[in-house]
Amino acid sequence: MKKLILLVAVMSSLSITAQTKTELQKHFESYYKQMKKQGDIQGVINAMTHLDVLNPTQARKDTLAYIYVSEGRNMEALNTIGIEKSGTDSDLNTEIKAIALNALGERKRALEFYNVLFTKKPNPSIAYEIADLLLQTGDLAGAKEKVEYGLANATDEMRRTYYETQQPYQTSLKAGFLYLKAIVVYSEDKDANQEIALATLNRALAIDPNFNMAQISKEALLNRKKGTE
């Protein structure tokens, strides 16, 4: 009789726990929708974190990490999904790792993830990030290859965001690739290729006269040119 009473008590406890968990999940699902409606990012993060604790899924972790990285909270994004590379990683998971590692200055590790994305689905936007990282790591040949790919495949509608000014701005991706091409050409031979680099930057500025990075680079080359005359 005692065993039967104990069994009933345990089963009742499990039922209550399951019910409580279900109610909590419904609560945080509603809370998530409300926070999303209000545009409360921290509220969305809190709701998503609670939902992942109640019912962990990789898709939910990826979404949470994406929110973190979109807010510039790169370390928190990586703490959520880790930095290991796996063949089962979703494209979103891989992209988050690439963006976060790059933002944290881990360029070579970021490059690994961008290369995975490019191998799966080549496109000019990823090619730009790879070319930029290869330039920063000194691989001019690799950067040049991706720049040429980008110039051949980027469309007039494609844009890229730059963050070197106080207010982020967008410009034509084609102009961005011309800017990178100018940097590659100049880096190959600073003296012999100075004029070619300037002409290439002018092509970028012809597409977008407000392209700040191209303008800064052009001014730097013109100042160098004056100093050597």
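Ser217 has its place in helix H11, which covers residues 212–228. The model in which this residue is seen is a predicted one, and its chain holds 11 helices and 2 strands.

**The chain as a whole**

- Read from the N terminus on, the elements follow the order α-α-α-α-α-α-α-α-β-β-α-α-α, and in total they amount to 11 helices and 2 strands.
- The radius of gyration of the chain is 25 Å, whereas a compact globule of 229 residues would have one near 17 Å.
- Taken along the principal axes, the box filled by the C-alpha atoms of the chain is roughly 100 × 35 × 30 Å.
- Of the 229 residues in the chain, 37% are buried.

**Helices H3 and H5**

- Helix H3, made of residues 58–70, packs with helix H5, made of residues 91–103, at an angle of about 30°, and their axes are 10 Å apart.
- Angles under 35 degrees count as roughly parallel, and H3 and H5 are therefore roughly parallel to each other.
- The crossing in which H3 passes H5 is left-handed.
- On the side of H3 the contact is made by Gln58, Asp62, Ala65, Tyr66 and Val69, while on the side of H5 it is made by Leu92, Asn93, Ile96, Ile99 and Ala100.
- Sorted by class, the residues of this contact of H3 with H5 are 7 nonpolar, 2 polar and 1 charged.

**Helices H5 and H6**

- H5 also takes part in a packing with H6, at an angle of about 150° and with the two axes 8 Å apart.
- This angle makes H5 roughly antiparallel to H6, since angles over 145 degrees count as roughly antiparallel.
- H5 passes H6 in a crossing that is left-handed.
- The residues of H5 that meet H6 are Asp91, Thr94, Glu95, Lys97, Ala98, Ile99, Leu101 and Asn102, and their partners in H6 are Arg107, Arg109, Ala110, Phe113, Tyr114, Val116, Leu117 and Lys120.
- In the contact of H5 with H6, 8 residues are nonpolar, 2 are polar and 6 are charged.

**Helices H6 and H7**

- Helix H6, which spans residues 107–120, packs with helix H7, which spans residues 124–136, at an angle of about 150°, and their axes are 10 Å apart.
- H6 and H7 are therefore roughly antiparallel to each other, and their crossing is left-handed.
- From H6, the residues Arg107, Ala110, Leu111, Tyr114, Asn115, Leu117 and Phe118 meet Ile126, Ala127, Glu129, Ile130, Leu133, Leu134 and Gln136 from H7.
- The contact of H6 with H7 is made up, by class, of 10 nonpolar, 2 polar and 2 charged residues.

**Leu111, a residue of H6**

- Leu111 is found in helix H6, and it counts as buried because its relative accessibility is 11%, with buried meaning under 20%.
- Leu111 and Ala206 lie 95 residues apart along the chain, and their C-alpha atoms are separated by 30 Å.

**Ser217, a residue of H11**

- Ser217, placed in helix H11, is buried because its relative accessible area is 14%, which falls under the 20% cut-off for buried residues.
- If neighbours within four places in sequence are left aside, Ser217 is in contact with Tyr179, Ile183 and Leu201.

**Glu188, a residue of H9**

- Glu188 has its place in helix H9, which covers residues 173–188.
- With a relative accessibility of 38%, Glu188 counts as partly exposed, because that class takes in the values between the 20% limit for buried and the 50% limit for exposed.
- Not counting residues up to four places away in sequence, Glu188 touches Leu140, Lys144 and Asn193.
- The C-alpha atoms of Glu188 and Lys121 are separated by 29 Å, and the two residues are 67 residues apart along the chain.

Conventions:
Residues are numbered from 1 along each chain as its sequence is written. This is a predicted model: local features need pLDDT of at least 70, side-chain atom pairs count only at pLDDT 80 or more; totals for chains, interfaces and linings use all residues. Side-chain values use heavy atoms; hydrogens and water are left out. Axes are lines fitted to C-alpha atoms, for helices over the stretch in contact, and angles run from 0 to 180 degrees between N-to-C directions. Helices (H or I, at least four residues) and strands (E, at least two) are DSSP runs, numbered from the N terminus. Angles under 35 degrees count as roughly parallel, over 145 as roughly antiparallel, 65 to 115 as roughly perpendicular and the rest as oblique. A crossing is left-handed if the near helix is turned anticlockwise from the far one by less than a right angle, and right-handed if clockwise. Contact means heavy atoms within 4.5 Å. Ala, Val, Leu, Ile, Met, Phe, Trp, Tyr, Cys and Pro count as nonpolar, Asp, Glu, Lys and Arg as charged, and the others, Gly among them, as polar. The radius of gyration is taken over C-alpha atoms; the globule rule is 2.2 Å times the number of residues to the power 0.38. Buried means under 20% relative accessible area, exposed over 50%, partly exposed in between (1.4 Å probe, protein chains only).
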